[in-house]
Amino acid sequence: MSNTDPTPRDEYGVALFIFGRHDQDFFPLLGRVIALASVIEYQSRTAASRILTPADCSVWKDQFSKVSKLVLKHIRESDTTEELAQISEFTQDARVFADQRASYAHGLVPSVSLESPDQVTAWRSKPGTTHLGLGADLAVLRADVRRGSELVERWNNSVLPVINKLPVLQPEGTLRDTSR
């Protein structure tokens with residue numbers, strides 16, 4: 001990018017024809033959904049480490065969808081207590097939030113106006129991803145941020161005290177195998 005480059009750019013240097021102009025809250029909200037999903041996934045894996053044995057799966061290395069399915073299956077097949085029901089509900093909500101994050105992160109693509117290449121007219125979902133209606137004034141995106149925040153708070157206030165009573169079956173580790 002030189003000083004003579006006529007391409008209009010945003011304040012971060014990204015050409016406007018890529019994303020277009022947006023409400024100033026769009027990217028901060030999107031970033032919060034993605035960051036909250038990471039926290040929620042970590043919390044869910046922590047719960048899984050108290051429920052699943054290494055023979056079931058590696059809760060820190062296997063795909064989150066696999067781990068969460070196994071947690072739900074294990075709880076379904078157990079004598080479900082009120083505590084396990086809380087973990088099950090949290091895990092189900094975490095899976096839904098992770099799917100929504102994936103739709104935002106991998107399925108949200110700009111619809112650029114052909115008449116004005118620096119104007120994005122809408123955001124659309126790629127075929128095969130969850131439909132994303134962002135709502136007027138980004139209401140749906142804002143609601144997803146609130147939902148993620150409430151899920152993290154539920155973990156801290158209700159689920160974590162239950163989890164802390166259970167033995168650790170798989171020691172905490174990283175999500176990535178660093179031994180290779």
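## Helix packing

Helix α2 (residues 26-48) packs against helix α3 (residues 64-76) at about 45°, and their axes lie 10 Å apart. Axes here are lines fitted to C-alpha atoms over the stretch in contact, with angles from 0 to 180 degrees between N-to-C directions. The pair is therefore oblique (under 35 degrees is roughly parallel, over 145 roughly antiparallel, 65 to 115 roughly perpendicular, the rest oblique). Helices are DSSP runs of H or I with at least four residues, strands are E runs of at least two, and both are numbered from the N terminus.

From α2, Glu41, Ser44, Arg45 and Ala48 make the contact; from α3, Phe64, Val67 and Val71 do. Contact means heavy atoms within 4.5 Å. These residues divide into four nonpolar, one polar and two charged.

## Model and confidence

This is a predicted model; local features need pLDDT of at least 70 and side-chain atom pairs pLDDT 80 or more, while totals for chains, interfaces and linings use all residues. Residues are numbered from 1 along each chain, and side-chain values use heavy atoms, without hydrogens or water.

pLDDT is the predictor's confidence in each residue, from 0 to 100. The protein chain has a mean of 83, with 77% of its residues at 70 or more. Among its elements, α3 has the highest mean pLDDT (96) and strand β2 (residues 120-125) the lowest (55). Over residues 174-180, pLDDT stays under 50.

## Ser49

Ser49 sits in the loop between α2 and α3. Its relative accessibility is 3%, so Ser49 counts as buried (under 20% relative accessible area, 1.4 Å probe, protein chains only). Beyond four places in sequence, Ser49 touches Val59, Trp60, Pro167, Val168, Leu169 and Gln170.

Notes. Nonpolar A, V, L, I, M, F, W, Y, C, P; charged D, E, K, R; others polar. Buried < 20%, exposed > 50% of the residue type's maximum accessible area, 1.4 Å probe, protein only.
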